[in-house]
Amino acid sequence: MAVMRPLDQITKRSIASRRYRAKLQSLGKCIYCRQPNDTPHLKGCTTCREKYHQANIDNYGINREKELARKRRQNAKIKLKALSMISGLATPVCVYCGCEDILILTVNHKNGGGEKERKRLNKWGMHFQYLIVKGKRNTDGLEVACVVCNALHYVNLKYPDLGKRFIVKFQ
Ligand SMILES: [Zn+2]
Ligand SMILES: [Zn+2]
């Protein structure tokens, strides 16, 4: 992913061909600026290596943002698909309160143990949903619930008497 970015004199074109690079190195010259290399055991002189290093850092910063944005879009797609498969609805909704906002919808384990399963798989969040999308985890025992109802479901399983005292209403 670390594609070289043109920086100052250093461009892809300024890097010598492979054979020429070998020759430059054998002559103790920098393969980037073709000047005498102060570190002949390495391909580039100190100045060029530092510049190259910086170019990679800058470039990584740019790619990182793009990469993160791409991942977010991809994860959103996976989530929608997984929730659709579980609920059987094109637009999944919380089975308890009817909330339909994908932002807060989650996969709920009807009988609990969701955390355990995620830990056991050592794949949590998107990974778990990815397994569902890929058909590697069936949707048995799963339902779609919003984070609020998911939390209440947890309370109900653990402290039934306390859970009874809550009512979640989505409007
Ligand atoms: Zn150089
Ligand atoms: Zn809900």
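Me: Is Gly 135 buried or exposed, and why?

Reply: This is a predicted model, in which local features need pLDDT of at least 70, side-chain atom pairs count only at pLDDT 80 or more, and totals for chains, interfaces and linings use all residues. Residues are numbered from 1 along each chain as its sequence is written, while chains are lettered from A and ligands numbered from 1 in the order in which they are written. A residue is buried if 20 or more other C-beta atoms, placed from the backbone, lie within 10 Å of its own, exposed if 12 or fewer, and partly exposed in between. Gly 135 is exposed because 9 other C-beta atoms lie within 10 Å.

Me: Where does Gly 135 lie?

Reply: Helices (H or I, at least four residues) and strands (E, at least two) are DSSP runs, numbered from the N terminus. Gly 135 sits in the loop between helix H4 (126-133) and strand E2 (142-146).

Me: What span does helix H2 reach?

Reply: The expected span is 1.5 Å times one less than the number of residues. H2 (residues 46-87) has 42 residues and reaches 60 Å from first C-alpha to last, close to the 62 Å expected.

Me: Which residues of H2 are buried?

Reply: They are Cys 48, Lys 79, Ala 82, Leu 83, Ile 86 and Ser 87.

Me: Which residues is Val 93 in contact with, leaving aside neighbours within four places in sequence?

Reply: Contact means that two C-beta atoms, placed from the backbone, lie within 7 Å. For Val 93, the residues are Ser 87, Gly 98, Cys 99, Glu 100 and Val 144. Val 93 counts as partly exposed, because it has 19 C-beta neighbours inside 10 Å.
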